[in-house]
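Take a look at the structure, then read on.

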Amino acid sequence: MTIHDLERLANSLVADGKGILAADESVATLTRRFDALRIPSTEQSRRRYREMLFTTPGAAAFISGVIMHDETIRQKSSSGMPLPQVLERQGIVPGIKVDTGARPLAGSPEELVTEGFDGLRDRLAEYRSLGARFAKWRAVISIGDGRSSSTCVGLNAHALARYAALCQEAGVVPIVEPEVLLDGSHPIERCAEVTGAVLHAVFGELVQRRVSLESMLLKPSMVIAGKDCPRQASVPEVAAATLSCLRRHVPAAVPGIVFLSGGQRDRLATVHLNAINRLPGPRPWTISFSYGRALQDRALEGWHGRDENVHTGQQALYHQARCNSAASLGTFTDDMEMTESVHGTNVR
């Protein structure tokens, strides 16, 4: 796959009204979510859950790609078809998470650095043979005393750029995810300061590593006050601060920005995305979503581990995807939140 092919694929992932479903939770993370609903977590129950999501009728109108976990990309559907092929048949591009998680930074254990370079070049080749056409690497930056240091930011930025270069070498579109965590009592102004510094460092490293900016996607967090901050920023404040930060630090060559929800409630993530896209002024990149729990939570609750609830779970995913599709166009309304539509049938 040439760099021009990668550029076309990156643009297709952020086609108007489309975003990405992040279904790349580790076994431990998904098990915790299953445990909360008393759903047994086994390889088969996790496969059934992902298959339920991936076969949602009509979801391809709103979801361009799905990020999978290593376990998932190797699994087959109940009919024996590899799950990446299930997605392709739906018109959805398969993707893969390739980092192995964040670990304490030596000498500064309150900060985290993401690992996963062991055998990455070979793993990317294997994932591509299994059907993956894009990948994701998540870096984690926290805000607080002794955290978000220049060392931590620099190491994570360097890792993101190194990963992105390896992806493009392997013919895979990289999603670069520098997440500034919502945890903390910091005001929105401090979040904007740290997010700006992180993005500045990341793009400096990407350019130094000769990563094609036209052939990648950025997956940042929104600029939001810490969840324990006494004064929570309003929706218009979040939208303005986020877009201002992006304009200052994200080159116009990047085709798309797909936000992570970062622990926001599902509706708030939708409303914030909608507000960002309704602001006036230039936006050289498409702004969309790459949500995990904000798309999945209602679907998981509706499915609840039971085959007879597959339609209910799929209906919930379809509804969330449809709402966020509208938000990516700046056309989400409160009325949409009250209406669920599957197979073109509205349900109130």
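## Cysteines

The structure holds zero disulfides, a disulfide being a pair of cysteine sulfur atoms within 2.5 Å. Cys152 is in no disulfide, and the nearest cysteine sulfur to it, in Cys191, is 15 Å away. Cys245 also has Cys191 as its closest cysteine partner, but the sulfurs are 7.9 Å apart, so that's too far for a bond.

Cys152 counts as buried, because its relative accessibility is 3%. Cys245 counts as buried at 3% relative accessibility too. Here, buried means under 20% relative accessible area, exposed means over 50%, and partly exposed is in between, with a 1.4 Å probe and protein chains only.

## Ground rules

This is a predicted model: local features need pLDDT of at least 70, side-chain atom pairs count only at pLDDT 80 or more, and totals for chains, interfaces and linings use all residues. Residues are numbered from 1 along each chain as its sequence is written, and side-chain values use heavy atoms, with hydrogens and water left out.

## Overall build

The protein chain has 13 helices and 12 strands; these are DSSP runs numbered from the N terminus, with helices (H or I) of at least four residues and strands (E) of at least two. The radius of gyration is 19 Å, close to the 20 Å that the globule rule gives for 348 residues, so the chain is as compact as a globular protein of that length. That radius is taken over C-alpha atoms, and the globule rule is 2.2 Å times the number of residues to the power 0.38. Along the principal axes, the C-alpha atoms fill a box of roughly 50 × 45 × 40 Å.

Of the 348 residues, 56% count as buried. Take the contacts (heavy atoms within 4.5 Å) between residues at least 6 apart in sequence: 77% of them join residues at least 24 apart.

## Aromatic pairs

How many aromatic pairs does the rule give? The count comes to seven. To pair, rings of Phe, Tyr and Trp (its six-membered ring) need centres within 6.5 Å; planes under 30 degrees apart count as stacked, over 60 as edge-to-face and the rest as tilted. Phe34 and Tyr49 have ring centres 5.8 Å apart and planes at 80 degrees, so the pair is edge-to-face. This pair links distant parts of the chain, with Phe34 in helix H2 (residues 27-36) and Tyr49 in helix H3 (residues 43-54), 15 residues apart. Both Phe34 and Tyr49 are buried.

Phe62 and Tyr318 form another edge-to-face pair, 5.3 Å centre to centre with 80 degrees between the planes. Phe62 lies in the loop between H3 and strand E2 (63-68) and Tyr318 in helix H12, so to speak a link between distant parts of the chain, 256 residues apart. Phe62 counts as buried at 13% relative accessibility, and Tyr318 is buried with a relative accessible area of 10%.Ring pairs also link Phe34, Tyr49 and Trp303 into a cluster. There's a charge-on-ring case as well: the charged end of Arg162 sits over the ring of Phe117, 4.0 Å from its centre. The test for that is NZ of Lys or CZ of Arg within 6 Å of the ring centre and within 35 degrees of the ring normal.

## Helix H6

Which residues of helix H6 (residues 120-129) are buried? They are Leu120, Arg123, Leu124 and Tyr127. These residues cover an arc of only 100 degrees around the axis, which puts them on the same side of H6; the arc is that of the directions from the helix axis to the C-beta atoms. On the other side of H6, Asp122 and Ser129 are exposed.

The cover over the buried residues of H6 includes helix H4 (70-73), strand E3 (93-97), strand E6 (134-141) and helix H7 (150-169). After H6 comes Gly131, with a positive phi near 120 degrees.

Thr195 is found in helix H8 (residues 188-208) and counts as buried, because its relative accessibility is 5%. Leaving aside residues up to four places away in sequence, Thr195 touches Val180, Val223 and Cys245. The C-alpha atoms of Thr195 and Pro84 are separated by 34 Å, and the two residues are 111 apart along the chain.

Asn309 sits in the loop between helix H11 (293-303) and helix H12 (310-328). Is Asn309 buried or exposed? Asn309 is buried, with a relative accessible area of 18%.
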